[in-house]
Amino acid sequence: MDPLGGRRRRTAASESGGGWMKGCTSVRARDTRSRNRTVVPPAAATVPDLLPEEIVVEILARLPVKSLLCFKSVCRGWRAIISEPSFIRTQLQCSASKQEPSILISPHTLLGRCDIQPPVGGLGDWPNNFSTQISFYQWQRGASIARFMDATAIPANEFHLVCHFAHCDGLVLAPTDTNLYLFNPATRDTITLPDGHGDNHHHGTEMEACYAAGLGLDPVTRKYKVVRAFYRSVDPIRMGMEVFTVGETGAGCGWRETVTDPPYPVSRWLTAFTVNGGYLFWYMDRFRYPNDTLHGGLLWFSLQDQAFGVTLLPHSLDPALDDKVRPDVLHGELCVLHANSDTMTVTIWTTNSPSFDDWERRYCIYVSRLCHPMGLLGDGGMLLWAKHTIHRYDLWSDELTAVCELGGIRYQGGRPPRWKNLFNFSVMPYTESLR
């Protein structure tokens, strides 16, 4: 990352987060620029004695994480409150309940020109010369600048390829061609997950690499888990999966293989979609079974009981139209988008049934190509992300308005020189948390 300001290393016992770093390896240095210190006046030290604790909790839970990290130094009482797991859950709920969606932006740059190599692990025209410097910015509709949150300088050549990021309750999973990284941009904590039992990420040849991973919350244990696939064999193709519980320590912690293997292989370069209730969804590898009746279906994995299942797309959709059908998540619900070039519309189907097989045709929006739904707005609109632009779509008038040009808006702290080789952005709905 551009060296503007000091850097420091955090230990795995960093007190700024919710203890989720325990049991993991390789904590990275980060850029602390653009974070002004909060000066607490001496009189503030008496505030905890003036208000009942429940009122203090209600007030603190509605503050930004940046402020809460500073307020832990006000007094022991506030430090204890902010560190309590119950308070961390309350703060997350308050952050998630805000009507205006918050968007997390991570720009990806390349080392030199965009050098498209032969297909890497099934990634097709994806370059394999990504920069190892990862930064995060937060943006909300109406803002003229994207606020700097965090920047992490991972050692050069530690990875060369970046896959799609996943977000869950303030945590961001970044899969690469070598490691899985977990970030909390609000607390500025970063970990590198350890190698797993099935760490044959490059099974035989680079062409057989597997990058499929996912992040979610187990609704029973309330622990966050990372799941990744690996190849047991290539001919015939058989996949296994393993689970890592974040923050788990002691004997037996680390990656654990699932009792049963997935019934179908998943697309080896797609990051899972995280759905409320502790489910992860991947596209099944349609290229391995092009004539199978389940071609184009979704493989799901339950974090609670580690069971697998298959969800078929809505019956009216043709799974052969791969470039016109896309699964996604809208407000925690699984959805499927279908682009119709004849009518210039995109239909959004959603399901929240326990079996994920009861699809409802929820929206029909007049846009010319597939996009990513970022969230519903309180004014009757929907935020959509397509390529380098975030749009607002009015569900009443069908008007589409560009509200953020990712390559054109101002970024707090300015644009580092490496941005001249900007390739793309990871963009996701974001909930700030102390996790």
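Two strands count as paired if DSSP finds at least two bridges between them. Strands (E, at least two residues) and helices (H or I, at least four) are DSSP runs, numbered from the N terminus.

A word on the ground rules. The model is predicted, so local features need pLDDT of at least 70 and side-chain atom pairs count only at pLDDT 80 or more, while totals for chains, interfaces and linings use all residues. Residues are numbered from 1 along each chain as its sequence is written, and side-chain values use heavy atoms, with hydrogens and water left out.

## The chain as a whole

The chain has 27 strands and five helices. Of its 435 residues, 54% are buried, where buried means under 20% relative accessible area, exposed means over 50%, and partly exposed lies in between (1.4 Å probe, protein chains only). The chain exposes about 19300 Å², and carbon and sulfur atoms supply 52% of that area; accessible areas come from the Shrake-Rupley method with a 1.4 Å probe, and for residues only the protein chains shown count as cover. Among contacts (heavy atoms within 4.5 Å) with a separation of 6 or more, 56% are between residues 24 or more positions apart.

## The sheet from β14 to β17

Back to that first pair. β14 and β15 belong to an open sheet of four strands in the order β14-β15-β16-β17, with antiparallel pairing. β14 (273-275) and β17 (308-311) are the edge strands, each with a single partner, so one side of each has no neighbour in the sheet. Neighbouring strands are turned by 30° against each other on average, direction ignored; axes are lines fitted to C-alpha atoms, for helices over the stretch in contact, and angles run from 0 to 180 degrees between N-to-C directions.

β14 and β15 form a hairpin with three residues between them, and Gly277 in the turn has a positive phi of about 100°. Strand β15 (residues 279-283) is largely enclosed by the rest of the structure, because four of its five residues are buried. Five bridges join β15 to β16 in the antiparallel sense, and Leu280 stands opposite Phe301 in β16. Strand β16 (residues 298-302) in turn pairs with β17 over four bridges, again antiparallel.

## A second open sheet

Another open sheet of four strands has the order β10-β11-β12-β13, with antiparallel pairing. Its edge strands are β10 (213-217) and β13 (255-257), each pairing on one side only. The twist averages 30° from one strand to the next. β10 and strand β11 (residues 224-234) run antiparallel and are joined by five bridges.

Here are some bridge partners from both sheets, handy for finding your way around the strands.

| Residue | Bridge partner | Strand of the partner |
|---|---|---|
| Gly214 | Val227 | β11 |
| Phe273 | Phe281 | β15 |
| Leu298 | Thr311 | β17 |

## The nonpolar cores

A nonpolar core is a set of buried Ala, Val, Leu, Ile, Met, Phe, Trp, Tyr and Cys residues joined through side-chain atoms within 4.5 Å. The largest one has 36 residues, of which Leu60, Phe87, Phe136, Phe165 and Phe183 touch the most other members. Elements that each supply at least two of its residues include α2 (53-60), α5 (85-96), β4 (133-140) and β27 (422-430). At least three residues come from each of domain 1 (53-95) and domain 2 (98-114 + 134-429), with bounds from an automatic or database domain assignment.

Leaving aside neighbours within four places in sequence, Phe136 is in contact with residues including Leu104, Phe148, Met149, Phe165, Val172 and Phe183.

Tyr363 is placed in strand β21 (residues 360-365) and counts as buried at 16% relative accessibility. Beyond its neighbours within four places in sequence, Tyr363 is in contact with Leu330, Val346, Thr347, Ile348, Leu376, Met382 and Leu395. Tyr363 and Val346 are 17 residues apart in sequence and 8.2 Å apart in space, C-alpha to C-alpha.

Thr187 is found in the loop between β8 and β9 (189-192), and is buried with a relative accessible area of 1%. Thr187 and Val65 are 122 residues apart in sequence, yet 7.2 Å apart in space, C-alpha to C-alpha.
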